[in-house]
Amino acid sequence: MMKINDLEGFRYSITNLPNDGVSKFAGRSSAALTMAMTYEKLIQQQISQLRETCKQASVAQVERNHLTALRAFLRAVQKSETSPVGAELTDEFDLELSKHLQASGLAGRSQSDRKSLLTAWRKSFLSLNEAPDKRVKRERNSAFAPNEELNFFERALWEGLKEAKLAPKTAAKRAGISPSAIGRWTRGALPQAHTTGSLAKLEVTLGMKPGALMEAYNLATGKGQDAQKDAYRQRLAKQKRLKYGLLEADLTPVLQREWLALLEFKTARTISGLKRQNKARWDLVESQDTALPYSKLWCVGHQMCPTASATWTRLSRFFGFLRLSHEAGGYGLSNDEAQTLAWLAVPEAIDAFLKFQTKRSDGLIHGTQASFAATVISLTRPVYGYLAQSPKLQAKLPSSAINDRSWDEMCSRAVELAIDWKTDAVEKSRDPGAVIRFLLEMDEPAAPVFAAMRKLRRIGDRAKPGSAHEAVARRNELILGLLISNPLRCKNLMTLTYKSDNTGSVYKSSAGRWRIRIPGRMFKNKRRVGADVYDVPVASWLENILADYVQHFHPILQKKEGSDYLLLNQNGRMLRTLSMQVARLTKLHIPGCSGFRPHAFRHLVATDWLNKNPNDFLTVAELLNDTVAVVMKAYAHLKKDVAFSRYDEYMKGRLPAEMGA
């Protein structure tokens, strides 16, 4: 059985040789055609044999295992399925197999299985009595061999060069465009928006269909794909047009004092005069343990309060709504009149704001409304609510808001209303799988991510040795690998540290394995999981990439600031833009992808595992560092699919013959 905890299964094998890149242009003579048998034909032969000899119930998985092993081997020897079978399956097989297994990072049973599968491919080829090709040992020297990992624009450009039989520099000179620019494009870079006008000249020079390169450019950049975006992204784009939230710079002294008093009440170890439940205290963390930027609104001494930051974000929208004009859908108060916590005890204002949010969500009542309602409940509930214990705040409201009600009556009604809204907030604003559905429909959803990692490896190989450009490429490769190996939330990835004395959150064990160690208090779901520490291994296939990065490239990025964070920007500081970086990397390096963020990787890993290991919710819970109950709820749809699939198989054996059993 494959192990998911370190992703050693066949489908996640990845090879990273120093010369992993593919040289895309060389002399014409090396592109000579050969009549030797291709791997494509060998695959057809092998699959045909497997379907004859394997049990029907397992043949699909057996096929996948054989193909995964062969494709990984082909990557290691720089060949593709269209390549002729060469000495790598005959005279040089033992040597190439040994090199491949050593570089693959597989261990134990997985390595033994890989060896067995590749030996089966070799025997299959030898049984055909076909002569191996000896003229082309490495397809990397082929003049025109566009790689399957190229982005849409890069692929179209190389195909155009191939058809025109022109070298990049020659084509550039004939088209009257910069040779250095076309050089960058053939290495994976995309044209700047202001240079796309030169693509028409290049199309004419290469004899391509008018607009072909521009169309490929749009596919590679995701432009023109708005119709394919999920509903959540479209809605978010519309919402950003109306910026109504209250900014910190716009706070009045009144609201600032009220908020800081609430912050003290929620974070102080001991309080006097007011009541607070033990579990209602907001946790404080050291500034280096959080990705939050500094703000007086959630800083207490030298520490920060993540809960305060999240709460203020919700309340800032509420106060912004209160002062938004009626014409724009707001409550229409003046700036000074709107800025007091007392409005959180006014049922009419709360109801109007939640309806405003629902309208902006196309009628969906979801987590955003639920979170705000929960905040209102915690502040206005009897006995322990901060506002319920602060009746003097009522004097800051206009009489029209009080409406002859006592403070207790207002707080009581606010609680009832908020509970009703929270109860109704069961819809989902977004489907986490929508943006990666095209990956989940593949047999191996992680394969395009690994292809993107190899692309980043080649970008680093081409960069000036020791440069920040090289270091950033290696960092980006590591980011994608970590998201598959250890699918953590973005905040936890951003705050990972590495220290040369091995005391960082990324460290090497006494057994020589790389591990990640994070205090339980730093997780969003710390109370639900209840673990004191998250201490898990990094996938074996990622260890060499991680070791290479911390030894050679982390110091390059670290020079300016000396920061201990693992993932650094070019200025040597914490990579606070990690989420946007991941969206950019996936959009640029995964064909047909409009870009997705770190959280989608958690869904990708979980769904892929459950599809191949039905109902194994325990493994997914460990991977995501969550509870089995939460995972089962989140992926209940897969559980139903399994149940109906099993029932379908059950009924097939009981159908009458005339129904095609």
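Tutor: Leu-638 is found in helix H28, residues 636-652 (helices are DSSP runs of H or I with at least four residues, strands are runs of E with at least two, and both are numbered from the N terminus). The model is predicted, so local features need pLDDT of at least 70 and side-chain atom pairs count only at pLDDT 80 or more, while totals for chains, interfaces and linings use all residues. Residues are numbered from 1 along each chain as its sequence is written, and side-chain values use heavy atoms, with hydrogens and water left out.

Leu-638 counts as buried because its relative accessibility is 11% (buried is under 20% relative accessible area, exposed over 50%, partly exposed in between, with a 1.4 Å probe and protein chains only). Leaving aside residues up to four places away in sequence, Leu-638 touches Thr-607, Leu-610 and Asn-611 (contact means heavy atoms within 4.5 Å). Between Leu-638 and Asn-615 there are 23 residues in sequence and 8.0 Å in space, C-alpha to C-alpha.

Asn-625 lies in the loop between helix H26 (617-624) and helix H27 (628-634). Its phi is positive, about 55 degrees, although it is not a glycine. Asn-625 also counts as buried, at 13% relative accessibility.

Val-383 has a positive phi as well, near 70 degrees, and is a residue other than glycine. This residue sits in the loop between helix H15 (367-380) and helix H16 (399-402). With a relative accessible area of 48%, Val-383 is partly exposed.

Next, helix packing. Two packed helices are described by the angle between their axes and the distance between the axes. For helix H20 (residues 468-485) and helix H23 (residues 540-558), the axes come within 9 Å and cross at roughly 145 degrees (axes are lines fitted to C-alpha atoms, for helices over the stretch in contact, and angles run from 0 to 180 degrees between N-to-C directions).

An open sheet of three strands is ordered S1-S3-S2, with antiparallel pairing (two strands pair if DSSP finds at least two bridges between them). Strand S1 (285-286) and strand S2 (299-300) are at the edges with a single partner strand each, so one side of each has no neighbour in the sheet. S2 pairs with strand S3 (residues 303-304) over two bridges, and Cys-299 stands opposite Met-304 in S3.
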